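Hi,

Here is the structure I promised to pass on. Have a look at it first, and my notes on what turned up follow below.

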Amino acid sequence: MRVVSVAPERLERWLAGFAERHGDGPTTTADDVVELEGADGAHAWIDVPFPPLAGDLLEHALHTRRIGVLLVRRGGYGAGVFEGTKLVASKVGSSYVQGTTKAGGWSQQRYARRRANQASAAFAEAADVAARVLATAELDAFVAGGDRDAVRAVLTDRRLTHLEPAGPWLEVKDPKLKILETMPEQFRAVRIRLDP
């Protein structure tokens, strides 16, 4: 099975291309997936972005949503609110978290404790920023990315417990502002599984 991601603006063209290549066949619609079957037996399962499906798939995919984004890695974080593809509120930052060491014995344990303390302080700082940007924002959906354990640690903050990540997990190496600004490419993309 192959998986492709298609921008919502290109979905209509992709659907037309599937029908041209495989012929028209039955379509099955559910709240979270639309299944296409070509006349030649090819299948495509289109994951509905931000389910449940509300009406027409194209209109649903193109609908402008207010999305909260939280990105966390050990050395940095970013929180933002998007109106469609436009970043309307954001804050990013970084914290020093020492890398691993090859020293053994007591030194290794001391560095591990220091690293854990630095990471804990960094996650607390990220939680403060996320609370300022996201906690009271009126959102249609919330997505997260980066290091899963780091995001979980930040979301344990009592001010953020109402935020539950939905949609795709965002792939992020370094949560800087330029990276945060590109996140709509990932969270708006329509994922399609193909079985030729």
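The largest cavity has a lining made of Pro49, Phe50, Ala61, His63, Arg65, Ile67, Gly84, Phe187 and Arg188. For the search, a 1 Å grid was laid over the protein atoms alone; a cavity is a set of points where a 1.4 Å probe fits but cannot get out, and a lining residue has an atom within 4 Å of a point. The space inside comes to about 80 Å³, where volume means the space filled by probe spheres set on the points, with grid points joined across faces, edges and corners. Across the whole structure, one cavity of 30 Å³ or more was found. Sorted by class, its lining has five nonpolar, two polar and two charged residues. The classes are simple: Ala, Val, Leu, Ile, Met, Phe, Trp, Tyr, Cys and Pro are nonpolar, Asp, Glu, Lys and Arg are charged, and the others, Gly among them, are polar.

Before you go further: this is a predicted model, so to speak of local features we ask for pLDDT of at least 70, and side-chain atom pairs count only at pLDDT 80 or more, while totals for chains, interfaces and linings use all residues. Residues are numbered from 1 along each chain as its sequence is written, and side-chain values use heavy atoms, with hydrogens and water left out.

Phenylalanine 50 sits in the loop between β4 and α2 and has a positive phi of about 50° although it is not a glycine. With 15% relative accessibility, phenylalanine 50 counts as buried (under 20% relative accessible area; exposed is over 50%, partly exposed in between, with a 1.4 Å probe and protein chains only). Proline 52 is in that loop between β4 and α2 (57-62) too, and the peptide bond from proline 51 to proline 52 is cis, with omega near 10°.

Arginine 188 belongs to the loop between α6 (184-187) and β9. Arginine 188 is also buried, at a relative accessible area of 15%. Leaving out residues up to four places away in sequence, arginine 188 touches Pro8, Glu9, Gly84 and Thr85 (contact means heavy atoms within 4.5 Å).

Now the strands. Helices (H or I, at least four residues) and strands (E, at least two) are DSSP runs, numbered from the N terminus, and the protein has six helices and nine strands. In β4 (residues 43-47), four of the five residues are buried. Strands β3 and β4 run antiparallel and are joined by five bridges (a pair needs at least two DSSP bridges).

What about the open space? The largest pocket holds about 220 Å³, a pocket being an open set with protein on both sides within 12 Å along at least five of seven lines. Its lining has 14 residues, with Leu15, Ala19, Asp24, Thr27 and Leu36 nearest the centre. The elements giving two or more residues to that lining are α1 (11-22), β2 (27-29) and β3 (33-37).

Cheers
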